[in-house]
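The sequence and the structure are shown first.

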Amino acid sequence: MNWVWFHKLASPPTAYAFARTLRPWLLWPSLSMMLWAGYAALFVVPPDYQQLDAYRIIFVHVPAASLSLMVYSIMAIAAGIGLIWRMKLAHAVAAACVLPGSVFTVLALVTGAIWGKPMWGAWWAWDPRLTTELILLFLYLGYMALRASFDDIGRADRAAAVLALVGLVNIPIIKYSVVWWNSLHQGKTLSIWGKSSIDPSMVMPLLVMLLAFVMFFGAILCDGLCAQILRRERHAQWLTKQVQ
Amino acid sequence: MTPRQRRMIFVGLILLAVSAAAGFLLTALNSNVQYNIVPSDVSAGKAPKGRTFRLGGMVEQGSVKREPGNLQIQFVITDFAHEVTVRYTGVLPDLFREGQGVVVRGKLVYSTDLEKGQWLMLADEVLAKHDENYMPPNVAESLKKTHDVRRMQETSTSPAPVITP
């Protein structure tokens with residue numbers, strides 16, 4: 001197999017141009033999908049038999065929580081690639097993941113709390129799922145803090161990468177916390193291989209919203225990656241040429 | 001060994017060590033990680049004595065009794081094997097109803113004048129659980145109907161009552 005395209009993509013000028021081109025193709029479709037899914041979630045799908053209209057928050061809560069795990073996994077894998085193959089662009093990708101990832105985590109925690117108060121009767125509980133998701137937020141914040149504490153970008157990359165890899169162990173714990181232990185949080189609703197436990201009349205906006213969140217994250221990642229490349233390559237010749 | 005292979009092993013060792021540490025930690029903490037224990041644990045004597053803890057299960061059908069004129073309420077929590085009676089004073093969450101999963105926090109006392117079992121939970125918090133099933137009211141209604149029909153058929157054909165959770 002020919003890997004030339006991959007090595008080319010790993011070079012900052014190509015990656016910069018690629019991210020700039022890709023961004024609008026992800027951003028605008030994702031925003032229109034979000035609008036449609038949000039409208040369908042609020043006005044089209046029927047209410048739940050027990051929670052009535054309060055369940056509609058899953059259309060934000062579930063995609064946000066899924067993305068918080070997905071983004072962390074991408075961040076840790078990119079950090080690992082950066083560490084093993086000394087690929088600077090991989091570190092740039094990891095660094096661009098942390099902000100959207102932490103925002104998704106906050107969104108999942110906040111929407112969960114807003115949902116938890118009327119349904120469970122509590123804003124917060126020290127439930128395994130909730131606690132491990134909070135640890136995920138602290139991992140994101142710790143990653144940001146660690147990165148910010150080094151002046152040298154190479155050392156910051158390596159130290160932050162080790163932290164990201166250490167925190168990766170939390171991801172399966174979050175995912176399976178509702179299976180392994182008695183918890184207040186309900187089990188998973190969406191299932192790729194098995195049968196989802198949400199009625200077919202409600203599932204479409206949820207899936208569209210999930211896809212929209214993934215694409216929106218892609219667009220934000222393009223932005224973050226461009227910003228990282230600009231900062232890291234600020235003395236490079238290709239960039240000065242492009243700016244002039 | 002190339003430097004790249006050395007780094008690969010380094011990353012592998014980090015992942016291995018951290019997973020092993022997390023694995024040991026979670027095995028050691030297993031019972032403490034549980035958000036709640038169930039009535040069968042209480043019957044087996046596994047409930048903490050003289051200390052506040054959380055108990056989870058289903059509110060038994062027909063067991064909810066309210067005091068007229070105040071917020072006091074009594075109900076039975078079951079895990080379909082054992083029961084614990086719960087007494088609570090306060091406002092209940094929206095989803096609290098018979099047949100619903102709940103988690104109550106409180107202290108356990110031994111009592112002999114209960115209708116079911118010998119354990120009474122004096123609760124100071126009641127949280128309602130909900131499950132991962134989402135469906136419109138009419139679907140739930142038709143599901144319930146087919147379920148009832150099936151149960152009626154089962155009881156009419158089989159002489160011994162079968163208890164299924």
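The numbered points below treat the confidence of the model, the contact between the chains, and selected parts of each chain.

1. Basis of the note. This is a predicted model, in which local features need a pLDDT of at least 70 and side-chain atom pairs count only at pLDDT 80 or more, while totals for chains, interfaces and linings use all residues. Residues are numbered from 1 along each chain as its sequence is written, and chains are lettered from A and ligands numbered from 1 in the order in which they are written.

2. Confidence. The model has an ipTM of 0.78 and a pTM of 0.88. Two residues are in contact if their C-beta atoms, placed from the backbone, lie within 7 Å.

3. The contact between the chains. Chain A contributes 38 residues and chain B contributes 32 residues. On the side of chain A that touches chain B, two or more residues each come from helix 3 (58-85), helix 4 (88-119), helix 6 (153-167) and helix 8 (200-232) of chain A. Helix 3 of chain A gives the most, with four residues. Helices (H or I, at least four residues) and strands (E, at least two) are DSSP runs, numbered from the N terminus. By class, this side of chain A has 23 nonpolar, eleven polar and four charged residues. Here Ala, Val, Leu, Ile, Met, Phe, Trp, Tyr, Cys and Pro count as nonpolar, Asp, Glu, Lys and Arg as charged, and the others, Gly among them, as polar.

4. A helix pair across the contact. Two packed helices are described by the angle between their axes and the distance between the axes. The axes of helix 3 of chain A and helix 1 (residues 3-28) of chain B come within 8 Å and cross at roughly 145°. Axes are lines fitted to C-alpha atoms, for helices over the stretch in contact, and angles run from 0 to 180 degrees between N-to-C directions. A:Gly80, A:Leu83, A:Ile84 and A:Trp85 meet B:Arg4, B:Arg7, B:Met8 and B:Val11.

5. A:Arg86 lies in the loop between helix 3 and helix 4 of chain A. Its phi is near 50°, a positive value in a residue other than glycine. A:Arg86 counts as partly exposed because it has 15 C-beta neighbours inside 10 Å. A residue is buried if 20 or more other C-beta atoms lie within 10 Å of its own, exposed if 12 or fewer, and partly exposed in between, with C-beta atoms placed from the backbone.

6. Strands of chain B. Strand 3 (residues 72-78) of chain B pairs with strand 4 of chain B in the antiparallel sense over seven bridges; strands pair if DSSP finds at least two bridges between them. B:Thr78 stands opposite B:Glu83 in strand 4 of chain B. These two strands form a hairpin with four residues between them, and B:Phe80 in the turn has a positive phi of about 70°. B:Phe80 counts as partly exposed because it has 14 C-beta neighbours inside 10 Å. Strand 4 (residues 83-89) of chain B has five of its seven residues buried. Four bridges also join strand 4 of chain B to strand 6 (residues 119-128) of chain B, and these strands run parallel. B:Tyr88 stands opposite B:Ala123 in strand 6 of chain B.
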